[in-house]
Amino acid sequence: DQGGLGLPDRDYYLKTDPKSADIQKDYVAHVEKMLTLAGVPAAQAKGQAAAIFGLEKQLATASMSRADRRDPKKLYHRIELDGVLKLAPRFPWQLFLTQLGYGGLREINVLVPAFFEGLNKTLTEQPMDTLKAYLRWHAIHGVAGRLSKAFVDEHFRFYSQRLTGTAQILPRWKRCVAATDAALGESLALKFVEQTFGADGKEQTQQLIRDVEEAMQGTIKGLAWMDEPTRAAALTKLSRIANKIGYPDKARD
């Protein structure tokens, strides 16, 4: 799929109205600031930030709009690995897939073929130093919330205050809880349901659902206006409902 942008959407790069131009200018300043915090000399960080924006704008130009992405037919292109290699031969796909542990993978759907044509153009035209700076920036951006206070504050200033109007960053403990929840998922959730729901709560709720389904089954069987094929189909549909109550019977490892 398309991606690789630091701003939320392709339109942030392509619109030319004063508000968009102001956000673009502030984004370049933000990238420069983050690179500087990461140790890039100030004189180099300014030029790198501008080059990174130019690269991302090139990717944005090749990206599909949100409106078009609402049409599922526009997002299915089963072209297999050979098709991907033809779209973007400059990217080392086989090495990439092998490193991921899927060296034998051949069945591939490419959501936005035009994006990968654009990616190939970017990899062909952009200087190696710009590609390195771009990857450095996205490595920093990806972990900004877990770095020192200067990174956290600058990341919040641009992405929360500037883009969404959030006035104040959450307290550190709330960010730590959110990070734990995101990282541990079901492991944390199981401790929560033990204290608040429990096995007895699950059994009571499941019995309630069974009673409702049994009553519904009786109603369907007694409907005078429903013919037998329709009644059989309705009962089959009722029997196939999967009830997910409280927490899974087998927790994810």
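Trainee: Which residues in H12 meet which residues in H13?

Mentor: Happy to. This is a predicted model, where local features need pLDDT of at least 70 and side-chain atom pairs count only at pLDDT 80 or more, while totals for chains, interfaces and linings use all residues. Residues are numbered from 1 along each chain as its sequence is written, and side-chain values use heavy atoms, with hydrogens and water left out.

On the H12 side you will find Glu-213, Met-216, Gln-217, Ile-220, Lys-221 and Gly-222, and they meet Arg-231, Ala-234, Leu-235 and Leu-238 of H13. Contact means heavy atoms within 4.5 Å, and helices are DSSP runs (H or I, at least four residues) numbered from the N terminus. H12 spans residues 198-222 and H13 spans residues 228-239; they pack at an angle of about 175 degrees with their axes 10 Å apart. Here the axes are lines fitted to C-alpha atoms over the stretch in contact, and angles between N-to-C directions run from 0 to 180 degrees. H12 is therefore roughly antiparallel to H13; the classes are roughly parallel under 35 degrees, roughly perpendicular from 65 to 115, roughly antiparallel over 145 and oblique for the rest. Sorted by class, this contact has five nonpolar, two polar and three charged residues. Ala, Val, Leu, Ile, Met, Phe, Trp, Tyr, Cys and Pro count as nonpolar, Asp, Glu, Lys and Arg as charged, and the others, Gly among them, as polar.

H3 brings Gln-48, Ala-51, Ile-52, Leu-55, Glu-56 and Leu-59 to the contact, and H8 brings Thr-130, Leu-131, Ala-133, Tyr-134, Arg-136, Trp-137 and His-138. By class, there are eight nonpolar, three polar and two charged residues where H3 meets H8.

Setting aside residues up to four places away in sequence, Leu-7 touches Tyr-12, Tyr-13, Ile-23, Tyr-27, Phe-53, Glu-56 and Phe-158.

Now look at Thr-122, in helix H7 (residues 113-125). Thr-122 is buried because its relative accessible area is 1%; buried means under 20%, exposed over 50% and partly exposed in between, with a 1.4 Å probe and protein chains only. Beyond four places in sequence, Thr-122 touches Leu-55, Gln-58 and Leu-59. The side chains of Thr-122 and Gln-58 are joined by a polar contact of 3.3 Å (a pair of N or O atoms within 3.5 Å, one able to donate a hydrogen and the other to accept it, with residues adjacent in sequence counting only if both atoms are side-chain atoms).

A few other places deserve a glance. Arg-146, in the loop between H8 and H9, is exposed, at a relative accessible area of 64%. Arg-146 and Ala-179 are 33 residues apart in sequence, with their C-alpha atoms 9.3 Å apart. Ile-169 sits in the loop between H9 and H10 and is partly exposed at 29%. Its C-alpha atom is separated by 42 Å from that of Ile-209, which is 40 residues away along the chain. Finally, Glu-80 in H5 has a positive phi, near 65 degrees. Most residues other than glycine have a negative phi.

Note on methods:
Helix = DSSP H or I, 4+ residues; strand = E, 2+ residues; numbered from the N terminus.
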